[in-house]
Amino acid sequence: MKPAPPLWVLVPALVMVPVLLLLPGISHGGGWELIGQFAWAAVNPSLDPVVLRSVLQGLATTLGIALLGWAVSLLLGLVLGVLSSRTVWRMLAGSSWPAELLRRLLAVPRAIHELLWGLLLLSLLGLNPAVAIAAIALPYGALVARMISDLLDALPTRQLEALRCAGAGPCGALLTAIGPPLMPQVISYGGYRLECALRSATLLGVFGLGGLGNELLLTLQSLQFHELWSGLWLLLAVMLSLEALVSGLRRRWSMPARLALEQRHPVGRSSRELLLAAAALLPLLLGVGRALAVDPAALLHWQPLPPLAPGGWQAALALPWLAMVGQTLLLTLVAAALAVGGAPLLLLVVAPWRWGGWLLRLLWALGRLWPPPLTALLLLFVFKPSLTTAALALGFHNLGILGRLLLEGVEATGPEREEALRCSGSGARLALLYGRFSGLARSYLAYGAYRADVILRETVVVGMVAGTGLGSQLRESLSAFAFDQLALLLAAYALLTLLGEDLSDRARRALLRA
Amino acid sequence: MLSLRDVSVRGRGQPRLDRVCLDLTAGERVALIGPSGAGKSSLLAVANGQLPPDGGQVFWFGESQARSGSRRRRRQQTRIGMLWQELRLIEELSVQQNINAARLAHWGWPRALLNLLVPVDTAACAALLERLDLNPDLLAQPVAALSGGQRQRVALARLLRQDPLLVLADEPLASLDPRLAQELLGLLLQQANAPRALLMSLHRPDLLQHFQRVVGLRAGRVVFDLAPAELEAEQLAALYSGCEPCP
């Protein structure tokens, strides 16, 4: 018995069976009328000018933080990426060990979620727009650096050697031989990171680092659903326009799409436009920085740490580490399975409906848009805090991301085989399953493996709200200023994420190799 | 079997099909010829229900086309088989799963899912492969591992597994070497005895004598519809050249 590719993508959806069975047990009976009010408010958002003004202000702050955090992370990532490339060090110094060292060091900031960075910096530096920007720039910069150094090292070095043999200097040779093939990928990936930065900036806001997220949280907690939806719809509009802009530019400049990182496209006549866009970005960034009153020097004014609690390290070591790590891993698996399996299942069920395609797009956009802790808070109206609640919130958010990707993948596989099945009288759903899912199963699951690694990093976010795993302990340690516990928690997170990254890399390679 | 009444399909500038009338009865084998862009593929796409005509009517087995997506339409389509030029096999699935895909219209979800998990209806699939001179051991192979000739036959096996009454074929011989083309044509003609019928587009004047009728299509119009014996060399030359054939 060997399942065929179309089944692979549906297998993770089996996790829904135990989750659905558990739901009655964790429901606390009430709260459905609140959910009803929330749903009704979606079609009836507040149009009060005072509310709209405050929402717009919050949105502008969030966008500014996202843009600045993204720009700094790209800059950091480019520099660190080049510095952690083996090819570059071999060319400049004849040995690649500094690259190896830097790579290992960069794994630490990458492994820690931007929210953790935000909360840590917040308690060290106090509330300040620079904190949110740094919280995004640090982990993103390390991620971009890894991407760039991986790409650099994967490029063939023959052209580089040829230029060196012809007497070119090391820097000139690097720029000429490696710059052009690297550019399209970096720009394509950079666009994708900007979308992520907007989501991260919203999330940081929920935890009080400024911007729209905070308004969303306050309106949700005070049950002002009409005002909440004004913010959500506006955020949705901004997010969808940003995604459309990024994918439009990607197509216009013929950059590779996300599922096709191995394709290489030359930068053609559009390089002039690229330069213009880059030149326009700089004044924009400076203007945003001024408007937000960002002061980078504030990052240097550290507040004195409060004294540690008595008991110190022994108390920290006595925490139930095994249970917390176990819960975190289980949360990751359940949320990843919900998202990876849920997207194709929903597509199969809903897509053949008359408005099915649009309904799915809307649902997935909402999933991407909603910061998982807000979903968790909403779920807490009807469910008790539990691992399942956290998994549902995290799964819904990632469903939005994977669903969009799946739809792009379905469109990219071409309609021919599905049409052939339809012409022989097969139903729409079976034709979709056989005709399209067969072709995209491998690449979709490979992306799912990568996503599971991201989900592991994100468990901290919902864990804090839904009270499960390392996240719930982190919340307590943060509010108690117990820096010994915090240090251990961070180390545990970093270790887990690095292990997860390695596992998901292996799974992805195995899937794509065959 | 198939009846097209004044079927038109709009295109950019000139129509892709212009008031085409065509009738096929059981047991008939009809060749469709014409220069590239004459509308052969559009005609076949209308005939298999893929392309809704902008004007005129299509009748299948004496009934008018049911509404797209309806149960009746699906039942009608199960009786029409199509052999695609690029075969449209599902590369990632095994030969057996591909052949069985022709039964999806009759199967419910449980059986369709089971087909993706374990070999289903092995005897029927093996018999089809043997009938097409293929080794039944191929059933478990993925289609991606087959040679060009083997794939051609697997596509034909899928068609036979569907067991249609009307077979439509869109230039199935185009990319085949002469020996393979001759073989495939033989297989297609052989299974198109009454009550079945065959409508096939092709570019090979030397093979026309195997058909009962030859329909010439040019700029979306039927120019002639004759027995191959009545077809004259000038008419054929005119079909592919610049001028209209003289009546």
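In this predicted model, helix H4 (residues 49-83) of chain A packs against H12(A) at an angle of about 40 degrees, and the two axes lie 10 Å apart. The two helices H4(A) and H12(A) are therefore oblique to each other, and H4(A) passes H12(A) in a right-handed crossing. On the H4(A) side, the contact is made by Val51(A), Leu52(A), Val55(A), Leu59(A) and Leu63(A). H12(A) contributes Glu227(A), Ser230(A), Gly231(A), Leu234(A), Leu235(A) and Val238(A). By residue class, this contact of H4(A) with H12(A) comprises eight nonpolar, two polar and one charged.

Helix H12 (residues 225-252) of chain A also packs with helix H10 (residues 170-206) of chain A, here at an angle of about 170 degrees and with the axes 9 Å apart. Because angles over 145 degrees count as roughly antiparallel, H10(A) is roughly antiparallel to H12(A). From H10(A), the residues in this contact are Ser188(A), Gly191(A), Leu194(A), Glu195(A), Leu198(A) and Thr202(A). Their counterparts on H12(A) are Leu235(A), Met239(A), Leu242(A), Glu243(A), Val246(A), Leu249(A) and Arg250(A). The contact of H10(A) with H12(A) divides into seven nonpolar, three polar and three charged residues.

Attention now turns to the interface between the chains. Here 21 residues of chain A are in contact with 24 residues of chain B. On the side of chain A that touches chain B, at least two residues each come from helix H1 (5-8), helix H19 (416-423) and helix H20 (428-466). H19(A) supplies the largest share, six residues. The side of chain A that touches chain B consists of eleven nonpolar, seven polar and three charged residues.

Methods. Residues numbered from 1 in each chain as written. Chains lettered and ligands numbered in written order. Predicted model: local features only at pLDDT ≥ 70, side-chain atom pairs only at ≥ 80, totals over all residues. Contact = placed C-beta atoms within 7 Å. Helix = DSSP H or I, 4+ residues; strand = E, 2+ residues; numbered from the N terminus. Nonpolar A, V, L, I, M, F, W, Y, C, P; charged D, E, K, R; others polar. Axes fitted to C-alpha atoms, helices over the stretch in contact; angles between N-to-C directions. Parallel < 35°, antiparallel > 145°, perpendicular 65-115°, else oblique. Left-handed = near helix turned anticlockwise from the far one by under 90°.
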